[in-house]
Amino acid sequence: LCNDNEIMMRLFEQIKPTNIYYENASLVMQGQSNFDSGFEWGSWLSSVLTARSVYDIVEHESNDLVAFMGFVEQEITSRLSRNKTASIAMARILVRLMDYQYQTMVFGDKKRCQGRRGNCTAIAYIAGYDMYQDIGALVPTLNTAVGRVDLRKAVNPEVYMFFEEVVRPNLLKLEEYLSESLGLFILHRASVNREALFLFDEIVDALNVTYLRTMQVRSLYEFVGRGTKTRLWDARVALDKARSCIDRRQKKYQVPFAWVASWSKNPTVYQYRYLWTVKSMYYWWRDEAIATTVRSPSESNSSKTGKFVSPCFRNIENVLEELLQFPRISNVDFVLQLLRDTLHSIPILNKVTDCLSAPKMEPSFGRNHVLQLNDASSSLQVGVTFPYLNTRA
């Protein structure tokens, strides 16, 4: 929910109009562009706020957060609830949460970070990592993502200590704030207009999944770093709960599901359509698999390096086609896919062949034991931590 619009308003606050209009008289502001990467649940709120800010810039407020609060209150009142008191309460919950996410996800704890901002911001950990980011971590000049402590390296006590002392507190604070905000927000569901419930539910699902992802990642790092099996169970429970949330949200898509979330040929260079990684929970499953490969749940102790996991582990990218886009490159990809699928079963070679291309057939992910929501092995408190998932019919 920390959307582009709020960040842009903060940046706009720091831009002096004289720099735009007077120092360069030929430069005239004629509009703006709002870039959203991918498809965000709750993006309707970001879009309407962006549209309003184009023609209704609040200049009389001295504080940008107060001005933003006014925008949100107007939209909540006009779209979600005619109950003014409930609308103001919901707006304040969301704006405070957005501001908190802005601080924890973008900046992290400045005192604890000690000049290593990229390694301790929440977004560096809860964002999805694939082959490109993992290779970029090995070759910094190729890295395009916010750096983080590699999950594979967390098995080393010295590396994990940084996560424990600097990153973990930030993630825990974010979890607590998300859980608290979610609990407060859903109290106002009865005040929402019947025709607007789908907009309200979309925000709640976004809060739930963001919370669950934060918990999953933190728990996986703790499992790899400490070897505590209950943390692995916590991570698995979080994934399984998020699955039900994602399944519910996908049923609300306004276009045929296969158009946006299938593993199939499409106008892009990717093997999959852009919401396939949501449907498959690719990043969630990949992180869990890396954690349980580095440190096996059946082993009580582990070395400082753990088991090797290739940066190309579970690769879903056609590297050659994505880097060199010219006719007939798909024929080369076909050969690379054939090599990958043929050599994948060979223990040493598969560490390299996985880098060649995406698998030809859609990969599927899972584990032998699918946890129940009330799994006794987990330390999560069902009904307290996830109030919305357990009170909704």
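**Close-up 1. Contact of H10 with H14.** Val209, Leu212, Arg213, Gln216, Val217, Leu220, Phe223 and Val224 of H10 meet Tyr283, Trp284, Asp287, Glu288, Ala291, Thr292 and Val294 of H14, contact meaning heavy atoms within 4.5 Å. By class, this contact has 10 nonpolar, 2 polar and 3 charged residues; Ala, Val, Leu, Ile, Met, Phe, Trp, Tyr, Cys and Pro count as nonpolar, Asp, Glu, Lys and Arg as charged, and the others, Gly among them, as polar. The model is predicted: local features need pLDDT of at least 70, side-chain atom pairs count only at pLDDT 80 or more, and totals for chains, interfaces and linings use all residues. Residues are numbered from 1 along each chain as its sequence is written, and side-chain values use heavy atoms, with hydrogens and water left out. The axes of H10 (residues 197–226) and H14 come within 9 Å and cross at roughly 10° (lines fitted to C-alpha atoms, for helices over the stretch in contact, with angles from 0 to 180 degrees between N-to-C directions). H10 and H14 are therefore roughly parallel (under 35 degrees; over 145 is roughly antiparallel, 65 to 115 roughly perpendicular and the rest oblique). H10 passes H14 in a left-handed crossing, that is, with the near helix turned anticlockwise from the far one by less than a right angle; clockwise is right-handed. Helices (H or I, at least four residues) are DSSP runs numbered from the N terminus.

**Close-up 2. Contact of H11 with H14.** The axes of H11 (residues 229–250) and H14 (residues 282–294) come within 11 Å, crossing at roughly 165°. The two helices are therefore roughly antiparallel to each other, and the crossing is left-handed. H11 contributes Leu232, Arg236, Ala238, Leu239 and Ala242, and H14 contributes Trp284, Trp285, Glu288 and Thr292. These residues divide into 6 nonpolar, 1 polar and 2 charged.

**Close-up 3. Contact of H4 with H5.** H4 (residues 64–79) and H5 (residues 84–107) have axes that come within 8 Å and cross at roughly 135°. H4 and H5 are therefore oblique to each other, in a right-handed crossing. Among the residues in contact are Phe68, Val72 and Ile76 of H4 and Ile88, Leu94 and Met98 of H5. The contact has 11 nonpolar, 2 polar and 4 charged residues.

**Close-up 4. The largest cavity.** Tyr129, Asp134, Ala137, Arg148, Asp150, Leu151 and Arg152 form its lining, divided into 3 nonpolar, no polar and 4 charged residues. The largest cavity holds about 50 Å³ of space; the whole structure has 2 cavities of 30 Å³ or more. A cavity is a set of points on a 1 Å grid over the protein atoms alone where a 1.4 Å probe fits but cannot get out, and lining residues have an atom within 4 Å of a point. Points are joined across faces, edges and corners, and a volume is the space filled by probe spheres set on them.

Methods. On a 1 Å grid over the protein atoms alone, a cavity is a set of points where a 1.4 Å probe fits but cannot get out, and a pocket is an open set with protein on both sides within 12 Å along at least five of seven lines; lining residues have an atom within 4 Å of a point.
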